[in-house]
Amino acid sequence: MRKIISSLLYFMLMFVLCLDGEFLCGDGMEKGEEQFLSNVRQLTYQGKSAGEGYFSSDGKYLIFQSERDPENPFYQIYMMSLETGDTHRISPGTGKTTCSFFRPTSDDVLFASSHLDPDARAKQQAEIEFRTSGKKRRFTWDYDSHYDIFSTKRDGSALRRLTNALGYDAEGAYSPDGNKIVFCSLRDAYPVERLSPEDQKRMETNPGYFGEIYIMNSDGSDQKRLTTWEGYDGGPFFSPDGARIIWRHFNENGMLADIYTMKLDGSDRRRLTDFGSMSWAPYYHPSGEYIIFHSNKHGFTNCELFLVDTQGEKEPVRVTFTDRFDGLPVFSPDGKQLCWTSGRTSNGDSQLFMAAWNHEAAQEALKVTGKRSEAQTNQPTPLPSGKMKQGAVNEPVRKQSGEDRNDVHQFSPEITSADLQAQVSYLASDGLEGRMTGTRGTQMAAHYLAGYFNEIGLKPLGDKGSYFQEFPFISGSKLITDQNHFQLRKEGDEKKTITFEVEKDFLPLAFTANGEVDGEVVFAGYGLSVPGNEANRYDSYAGIDVKDKIVLVLHHVPEKVDMKRHLELSGYASLRYKAMLARERGAKALLVVIGPGSSDAGKLIPLSSSDKASADSGISVVSISGPVAETLFVGSGRNLKDVQSELDVENPQTEGSFSLPKARVKIVTAVEQIRETDRNVLGFLPPGEGSEGAECIVVGAHYDHIGYGGVDSLAHKGEEGQIHNGADDNASGVSLVLELASSLAEERRKNPRTFKRGIVFALWSGEELGCLGSSYFVGHPMVPLKNVIAYMNFDMVGRLRENNLIVEGVGSSNSWSRLIEKANVKAGFHVNLLHDPYQPSDVASFYPKGIPVIHFFTGVHEDYNRPTDDHTTLNYDGMVRVAGFARSMLIDLIQQAERPDYVKVKESEKQRTEKIARKTSWGTVPDFAAETKEGVKISTVKKDGPADKAGMRDGDVVVEIAGNKITNLYDYNYLMDIAGFGKPIEVVVLRNGSREKLTIVPVVRK
């Protein structure tokens, strides 16, 4: 925020609601997995991966699936002797297989296979070619419609087909007596053409939704359906006494799963967990006392094993504490061994692991763990009314239904602090790893948000009928090392060729144009062109022709000019601007050197230090080392150090630009832009009548943050590299949008005629990289921009203090003041109105398109862009008030006849000025809520920072920097950015009505 300063993956989304990420699991959880597991060892090593291992009834064999056949890239079924280690394949070897199981007291086994698919071999070859190409795809569970359940002997003979329904049949398991098989089937979704249009779309994105539990005799006869809920039901097993079936049930969006049991006829359905996460793969201990399962309570990359009692009366107990995936656990028949699938391998691939199991420790841990709140074990779990998959109308699900969405927290249609806290707790959890654009964290968040929109009944407004609008972005740059070359050809008496080494002697910059250039070299001083009168004009290119030449310039600006002059020149000193100047004057390439009189003298400029977007500047741009620059100067009769010394004091007698004779350079640059995609999440609440061509309001917030920090982090010493959860920035804004959407959807349901306009609820990604998602939307609008009457934005609204609410962009329309005044009669905020619509947030994407904008903000704070911006720090009651204030304004906007007018505000030069790469730190935090006639009030002066050392205090108002008057926040940030570091700057502050002069020495921002 604020530049001022795939089915399985889909299923693995979690909703973290436990404060501080802790589990209420009793004292045992603190002891680590050693209390339960000993002699942990990796069991399988062959092939790319292995998993889902199940014991034979005598405990001597293990049946499992593995990708280890060089001619078939898909899983096949293998049996391993736990006495000898001998392993052999049981499945046919063609097609895909999964989910095997031993039949007790028999030589039979079962598994699911697609080997009868006519295209099985073609699919194998296509997969081999795909993997050989080096491409990768995210792992998703394969609900191949050709999967059927087969039985065979342990040697692979006597293969027999047990199911032949169209659609996925898999996940089978025998009963303890071997007479029954319980399994999962998607057969009721076929033929797909018979599904409703909505369900056909769902089949494309979430086929598991149609999974149901079936039971049949071991010979395949008498197949009966046992479950009817919306949402995936799968992974069933029998209890040790054969009286019950245990399985995992997903809610209809695949965002939450819990463990259930039922009788063999589907009755007496009981819920064992309400863990607030994705809980699955349950398996009974042979004693029948407890169940082990895995859950992503700690996030997708840290699935762990947990125990729960068979009645579900206690909170689950955590078993494993190791990074990466731990799941699909199975006990040996005697209960003394545990086998599970784990990614705790050296390369991270999943393999089978085994360990000795401490049954007594498990019993003790379950005794001391706390009771599960609102346990549902003493009564059958009812079917949701009207929620059966077959023969029921699919109505939008309203969020007050705890069964549908989250049974740990029951949502309501009203805007409540509990709802807001639940949403922020998930979005700002460690499992989302800071929601950096293009990462798994934003993907998880996007699915969560889309599921929420679906549940409250918003219409999808994204691509192809989904809630997602995908947009491309450049996430960085990569050097193609062997394709970058730099040669100097010396002419004259010392004719020779010198070849330089990439990353040692030279390095292209991220925004270079790729290609080969060849030409003479011209030195152009600092490469600046600054307009002005005779006294302050500066032109490094005066009197020199650089057309078809290669230009060499110094980095930064003259080092020894006074601070006022330094500030004047710095606004034109960005590397991109220097490249543009050279390009516009006809140069072939730009070479940049950090001069011998500058900080970091002679060092190379890092590839990606100058530009996040990394877009091609249209000219080759290369950083060169000090020694390379000196070599170019040989033959010119000049010394670079002496030349820079004269330029640094702006000596008018110095010739600052000249040719470098006897030097011709050949440069080849090759930088690959790393292109990725991410998604906006868009939902539409249509007007009460006639949505075609109707006007609408866009209500938005960005859901991305800065991941583990990086260059934008303000982490304190010792916090570097930690997850920046971004609770206030901007899970707070997102949660407000969700609550507004839910509240207004309910309002529209009750009073549709009052909705004269529609509302687009938009959650953006890429804001932290430069408002990428919202910019893409206005360039590729999903509703005509001419129909958008206003944009309302929420960014950092979670820290309401002293009743101060900041509302920005009010000058974009004359209507805002009236609407704010009306809404605030009830809200009662001390509203600080900022009129400038050129805000460094997503409003910047909409305002230039002629759309009035307004932005809600509660101010920065000590936790801004730090790992400490966690969900426990927010003022949720304050957020409820902000949401209510905004809701009142939205109700007026959708009901009033007139459209808000658009006021064009002139953009200042300082707002347009590009930030330079050398970011500095003063150790100050402005007070955004303060109302001052001049200057910028400082709310916080960080201890031992440059401002603190200079004597600045909390509450000081900065009115001058280096002789430049400060009238607003833009002046302050602009001058602070370009002032540089390491040099004293005179700053004037107002303190108790008196002017105080301070001298600050800024430092490099870490």
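**A first walk through the model**

Mentor: Let's start with Asn 730, which lies in helix 11, residues 727–750. Keep in mind as we go that this is a predicted model.

Trainee: OK, what's the peptide bond from Asp 729 to Asn 730 like, cis or trans?

Mentor: That one is cis, with omega near 0 degrees. Most peptide bonds are trans. There's also a cis bond from Tyr 190 to Pro 191, where omega is near -10 degrees.

Trainee: And where is Pro 191 found?

Mentor: In the loop between strand 11 and helix 3, the helix covering 197–205.

Trainee: Let me zoom out. How many helices and strands does the protein chain have?

Mentor: It has 18 helices and 51 strands. The chain has 1006 residues, and 59% of them count as buried. Its accessible surface comes to about 39500 Å², with 48% of that belonging to carbon and sulfur atoms.

Trainee: What about the inside? How many residues has the largest nonpolar core?

Mentor: That core has 70 residues, and Phe 761, Phe 794 and Phe 856 have the most contacts inside it. Helix 15 gives the most to this core, with eleven residues. Apart from it lies another core of 69 residues, among them Phe 36, Ile 246, Trp 247 and Tyr 290.

Trainee: Back to Phe 856. Which residues is it in contact with, leaving aside neighbours within four places in sequence?

Mentor: The list includes Met 792, Phe 794, Val 797, Leu 805 and Ile 806. Phe 885, Ala 886 and Met 889 are also among the contacts of Phe 856.

Trainee: You brought up helix 15. How far apart are its end C-alpha atoms?

Mentor: They're 28 Å apart. Helix 15 has 20 residues, 876–895, and at 1.5 Å a residue it should span 28 Å, so the two agree. At its start, a side-chain oxygen of Asn 875 reaches to within 3.4 Å of the backbone nitrogen of Asp 877.

Trainee: How many bridges pair strand 10 with strand 11?

Mentor: Four, in the antiparallel sense, with strand 11 covering residues 180–185. As an example, Ala 173 has Val 182 of strand 11 as its bridge partner.

Trainee: And strand 33, is it mostly covered or mostly open?

Mentor: Mostly covered: five of its five residues, 550–554, are buried. Ile 550, Leu 552 and Leu 554 point one way, Val 551 and Val 553 point the other way, and all are buried.

Trainee: Which strands is strand 33 joined to?

Mentor: Strand 30 (residues 515–524) runs parallel to strand 33 and is joined to it by three bridges. Val 522 is partnered there with Val 551. Strand 34 (residues 589–593) is also parallel to strand 33, joined by five bridges, and Leu 552 has Leu 591 of strand 34 as its bridge partner.

Trainee: What comes in the loop between strand 33 and helix 7?

Mentor: His 556 is found in that loop. Its phi is near 70 degrees, a positive value in a residue other than glycine. Most residues other than glycine have a negative phi. His 556 counts as buried because its relative accessibility is 10%, under the 20% cut-off.

Trainee: And Ala 158, buried or exposed?

Mentor: Exposed, at 53% relative accessibility. Ala 158 sits in the loop between strand 8 and strand 9, and its phi is also positive, near 55 degrees.

Trainee: Last one: where is Tyr 847 found?

Mentor: In the loop between helix 14 (843–846) and strand 43 (853–857). At 1% relative accessibility, Tyr 847 counts as buried. A polar atom of the Tyr 847 side chain lies 2.5 Å from the backbone oxygen of Val 903.

Trainee: How far is Tyr 847 from Tyr 902 in space?

Mentor: They're 9.0 Å apart, C-alpha to C-alpha, and 55 residues apart in sequence. Tyr 902 is among the contacts of Tyr 847, as are Ser 812, Pro 837 and Lys 904.

How values were computed. Residues numbered from 1 in each chain as written. Predicted model: local features only at pLDDT ≥ 70, side-chain atom pairs only at ≥ 80, totals over all residues. Heavy atoms only, no water. Helix = DSSP H or I, 4+ residues; strand = E, 2+ residues; numbered from the N terminus. Expected span 1.5 Å × (residues − 1). Polar contact = N/O pair within 3.5 Å; in protein donor to acceptor, adjacent residues only side chain to side chain. Pairing = 2+ DSSP bridges. Buried < 20%, exposed > 50% of the residue type's maximum accessible area, 1.4 Å probe, protein only. Core = buried A, V, L, I, M, F, W, Y, C linked by side-chain atoms within 4.5 Å. Contact = heavy atoms within 4.5 Å. Areas by Shrake-Rupley, 256 points an atom, 1.4 Å probe, with all protein chains shown as cover.
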